[in-house]
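Please open the model in your viewer and keep the sequence panel beside it. The stops below each begin with something to select, followed by what can be found there.

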Amino acid sequence: MGPFIPQGLINPDLSLFFAFVIGLGFGYVLEQGGFSNSRKLAGVFYGYDFVVLRVFFTAAITAILGLLMFSYMGWVDYDLLYINPTFLKAAIVGGAIMGVGFILGGFCPGTSMVAAVIGKVDAMFFVVGMMLGIFFFGSFFDLFEPLYNGTALGGIFVFDSLGLDRDTFVLILVVIALAAFIITRKIEDSINGIQNNFTLFHPSYTGPFVFMLGMALLVFILPDKPNAKWYETAAETIIMEAAEGKHYVEPDELAFKLLNSRENNFLLVDVRTADDFSSFSFPGAINMPLSDVSSPANRKLIADSEKPVLFYSYGNTAADQAWMFFRRIGRENVHVLHGGLNGFFAHYFGDQEEPNGKNEMAQFAARFRKRAAEAFSSGDAAARVVAKKKPVKTIVEIEAPPAGKGGC
């Protein structure tokens, strides 16, 4: 389901539901592709129908090229992909058993389920046999365990085993897949007695061949990871902004906005721990510990905010790190409280120098800080939430008119 769940596009609690829907779609595609027909499936071993091989090759190269391009664009974290570990002996024995069953019965486990669903009797027997095999294996697992866990090679890749780098292997795999399309089509035509005038391949292959080969060459040429993803801010820009210090908001500006709710357009984000946040925080602030700023929920919260974001901590360091992270992923209009909480308190509750009598701006700033300190001390700076007024209900008792006095 990646990249939908990691990117927050799908609720993880609904993953099983979407897996079920995807499974239905997969079964539908198999049935429409003719994979419910045992003769078509077995044809790959007799040379008269290679549709299975072509579908598998198409799925493989589409998945690998899509995955690598998604990784390059930042939609999938390639390093977090789970690789099934390889157990060589078990893979060889299991592959041989499945291959013999495929030749004799014309189905693999997945296609047998598809065929059984649409009423194919031979597939139903195949499914029953598969279930009996699972039951037998589970009942005597202790006997099979040495083979099951034998020759554990871990989560290895084919290209590692061949001594190739990943991108070179992908290019070779795509070329082999495209060659297989041509060769298998020639074999089919020869065995089935079909005469074609095409010198190399059917014209309908031209577009897909060019696209797949072009994508493979692009993966081969591009570096493993871009210096900056398309939505990210260049590192040089962030360094310049940090050096200039234009992302800092001075304590006086924040104090003014806290004391004037109509002017307060900041989303205040406290990056301290939850315990520190619960002991004290600015009015209206939210807590986002520095260790959690990269979580999908927090990234979405900051991305969806229409307000300028102001990070703060005890000092500048932690808030600067949060600012740098969100600037790197492309968020504009993010700021840091200069000096943090410690600087803010020193600014208003520390020893204040007497302003120069001739400097009117300094005198104005001193008066503002004095009044702000009084407001913060008395709690007047706390955000007030005015409850909605409830409508007044007046109950009027209506007496029935006396008998004989008229009425409706």
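## The whole chain

Begin with a cartoon of the protein chain, whose secondary structure comes to 17 helices and seven strands, where helices (H or I, at least four residues) and strands (E, at least two) are DSSP runs, numbered from the N terminus. This is a predicted model, in which local features need pLDDT of at least 70 and side-chain atom pairs count only at pLDDT 80 or more, while totals for chains, interfaces and linings use all residues. Residues are numbered from 1 along each chain as its sequence is written, and side-chain values use heavy atoms, with hydrogens and water left out.

Of the 408 residues of the protein chain, 28% count as buried; buried means under 20% relative accessible area, exposed over 50%, and partly exposed in between (1.4 Å probe, protein chains only). Among contacts in the protein chain with a separation of 6 or more, 66% are between residues 24 or more positions apart, a contact being heavy atoms within 4.5 Å.

Select helix H1 (residues 15-32), and within it Tyr-28, which is exposed, with a relative accessible area of 53%.

Move on to helix H3 (residues 51-73), whose 23 residues should span 33 Å at 1.5 Å a residue, which agrees with the 32 Å between its end C-alpha atoms; the expected span of a helix is 1.5 Å times one less than its number of residues. The buried residues of H3 include Val-51, Ile-61, Leu-65 and Met-69, and the buried residues of this helix pack against helix H2 (38-46), helix H9 (166-191) and helix H10 (206-221). Just after H3, select Gly-74, which takes a positive phi of about 85°.

Most residues other than glycine have a negative phi. Select Thr-151, which has a positive phi of about 50° although it is not a glycine. Thr-151 is placed in the loop between helix H7 (141-148) and strand E2 (152-154), and at 33% relative accessibility it counts as partly exposed.

## The open sheet

Next, colour the five strands of the open sheet, which has the order E3-E7-E6-E4-E5 with parallel pairing; two strands pair if DSSP finds at least two bridges between them. Strand E3 (248-249) and strand E5 (286-287) stand at the edges, each with a single partner strand, so one side of each is left without a neighbour in the sheet.

Zoom in on strand E4 (residues 267-270), which runs parallel to E5 and is joined to it by two bridges. Which residue of E5 is the bridge partner of Asp-270? Select Asn-287 to see that partner.

Now show helix H14 (residues 296-304), which lies across E4, E5 and strand E6 (309-312) and runs at about 155° to E4. Here axes are lines fitted to C-alpha atoms, for helices over the stretch in contact, and angles run from 0 to 180 degrees between N-to-C directions.

## Helix H15 and its surroundings

Select helix H15 (residues 317-328), which has 12 residues and reaches 16 Å from its first C-alpha to its last, close to the 16 Å expected at 1.5 Å a residue. Its buried residues are Ala-318, Ala-319, Asp-320, Ala-322, Trp-323, Phe-326 and Arg-327. These buried residues of H15 pack against helix H11 (235-244), E3, H14, E6 and strand E7 (334-337).

Keep H15 and H11 in view together: their axes come within 10 Å and cross at roughly 145°. To inspect the contact, show Ala-235, Thr-237, Ile-238, Glu-241 and Ala-242 in H11, which meet Trp-323, Met-324, Arg-327 and Arg-328 in H15. By class, this contact of H11 with H15 has five nonpolar, one polar and three charged residues (Ala, Val, Leu, Ile, Met, Phe, Trp, Tyr, Cys and Pro count as nonpolar, Asp, Glu, Lys and Arg as charged, and the others, Gly among them, as polar).

## The loop from H15 to E7

For the last stop, select Gly-330, which follows H15 and has a positive phi, near 100°. Gly-330 is found in the loop between H15 and E7 and is partly exposed, with a relative accessible area of 27%. The C-alpha atoms of Gly-330 and Ala-234 are separated by 8.9 Å, although the two residues are 96 residues apart along the chain.

Asn-333 also lies in the loop between H15 and E7. Asn-333 has a positive phi of about 60° although it is not a glycine, and it is partly exposed, with a relative accessible area of 39%.
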